Amino acid sequence: MAWAWGTTTAKATAETRVETPPEVELFDPHSGDWLLNKFETYKQLRRHETAYWSKKYQMYVITRYDDVMFALNNPEIFSSAEGNLICEQEFRFGKTLGASDNPTHDVYKNIIKNAYSKDNIQRIADAFAERCKEIIKPVDNLNISEVIEDLSATVTVEIINPPFKKEEVKQYVKHIQRYHTGAVKYDTDDTGYEMFTDLLLSMAGLLQVPPTGPGIYKEFVTNNPDKIHLPALFAGPAVSGASSLTGALEILTLDLFRENKIDIILADRSLIPHLVNESLRFHASTGRFSRTVTQNVTLHGVNLEPGTRVAICLESANRDPAMFPEPDKFLLGRNTTGNVAFGY
């Protein structure tokens with residue numbers, strides 16, 4: 001079956017169209033310079049008559065809101081089975097939630113979904129608030145990056161909720177954020193990650209230490225009838241989960257100051273949810289996913305064939321004026337319904 005979507009629709013032309021650019025790499029999310037200028041680049045890419053082909057990464061770059069939504073809503077066409085990262089490693093395929101399709105994806109998800117119940121999320125939020133009170137003090141100099149790193153590690157440990165050595169696990173999560181190859185580009189050191197997974201899996205799989213409360217550890221031990229030995233259920237929150245949370249909290253803090261919103265928020269704390277949602281739209285902490293096409297489909301004027309890889313750019317979709325008027329303005333009162341900061 002062939003699908004057609006988002007080729008020349010009127011809605012997708014809120015920005016003036018331009019011709020395809022000369023032979024220049026306009027998509028390089030692993031470049032510091034690119035990251036500093038990415039939103040201006042995304043404007044160019046959304047205006048192109050056709051989706052941009054990245055020679056460096058050998059994939060088409062999908063940037064318009066409607067096209068991103070179409071891809072996210074059609075997983076049977078845009079598959080995660082060959083990974084969801086821009087630069088993938090085959091050992092992840094079918095072994096993580098992010099690099100699997102159904103039925104495998106649902107098997108993994110169903111093992112741990114109770115760890116994300118409303119009650120448990122409230123428990124984790126309470127632990128986050130208590131840790132905030134402990135470490136945020138009225139001092140002259142406060143290193144926000146260190147504070148947020150600690151808070152993200154606190155949340156990660158509470159999501160996993162191991163019945164042992166919580167402080168040790170927390171230090172491993174901090175080490176992972178600073179040095180793991182999946183989190184940073186330079187000065188990598190995966191020893192913390194290896195010690196983290198060895199500790200959790202040895203306790204869960206060999207010693208069967210009983211859980212002491214709700215969390216991923218409990219579900220891994222008690223809600224895993226096939227005894228699936230899947231380190232990714234622990235590693236996911238510690239690597240990509242903690243990184244996303246750290247990024248979101250740091251960007252939120254920067255937005256508060258850059259956009260001069262802190263006095264407004266302190267005067268009316270009911271605006272905090274609007275602040276969070278607008279910050280997530282404005283700087284999506286999960287910038288992009290990759291997918292692999294399984295059927296013939298036309299997207300942003302390009303005929304995609306099975307096997308083609310695409311980059312689904314969430315951060316670009318959140319700045320598409322066809323969906324969000326004046327997208328480059330930070331507006332506390334904005335209707336952020338449809339925000340795809342974490343996917344859809």
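Predicted model: local features only at pLDDT ≥ 70, side-chain atom pairs only at ≥ 80, totals over all residues.
View 1. You'll find Gln-58 in the loop that links S2 and S3. Check out its backbone too: phi is near 55°, which is a positive value in a residue other than glycine.

**View 2. Asn-161, a buried residue in a loop.** This one sits between helix H6 (144-160) and helix H7 (166-179). Is Asn-161 buried or exposed? Its relative accessibility is 5%, so Asn-161 counts as buried, the cut-off being under 20%. Phi of Asn-161 is near 55°, again a positive value in a residue that isn't glycine.

View 3. Pro-103 belongs to the loop between S4 and helix H4 (104-112).

**View 4. An open sheet of five strands.** Walk across the sheet and the order goes S2-S3-S8-S5-S4, with mixed pairing. Which strands stand at the edges? They are S2 (52-54) and S4 (78-79); each has a single partner strand, so one side of each has no neighbour in the sheet. Helix H3 (residues 65-72) packs on this sheet, where it touches strand S3 (59-62), S4, S5 and S8. The direction of H3 makes about 120° with that of S8.

**View 5. Strands S5 and S8, paired in the antiparallel sense.** S5 covers residues 288-293, S8 covers residues 309-313, and five bridges join the pair. Look for Thr-292, which stands opposite Arg-309 in S8.

**View 6. Helix H10 packing with helix H12.** Two packed helices are described by the angle between their axes and the distance between the axes. Here H10 (residues 232-258) and H12 (residues 272-282) make an angle of about 105°, with axes 10 Å apart. That angle falls within 65 to 115 degrees, so the two helices are roughly perpendicular to each other. On the H10 side the contact includes Ile-251 and Asp-255, and on the H12 side it includes Val-276 and Phe-282. The residues of this contact are eight nonpolar, one polar and one charged.

**View 7. Tyr-344, an exposed residue after helix H13.** Tyr-344 lies in the segment following H13 (314-317), and its relative accessible area of 62% makes it exposed. Leaving aside neighbours within four places in sequence, Tyr-344 is in contact with Met-69, Leu-72 and Asn-73. Leu-314 is 30 residues away along the chain, and its C-alpha atom is separated from that of Tyr-344 by 9.5 Å.

How values were computed: Residues numbered from 1 in each chain as written. Heavy atoms only, no water. Axes fitted to C-alpha atoms, helices over the stretch in contact; angles between N-to-C directions. Helix = DSSP H or I, 4+ residues; strand = E, 2+ residues; numbered from the N terminus. Parallel < 35°, antiparallel > 145°, perpendicular 65-115°, else oblique. Contact = heavy atoms within 4.5 Å. Nonpolar A, V, L, I, M, F, W, Y, C, P; charged D, E, K, R; others polar. Buried < 20%, exposed > 50% of the residue type's maximum accessible area, 1.4 Å probe, protein only. Pairing = 2+ DSSP bridges.
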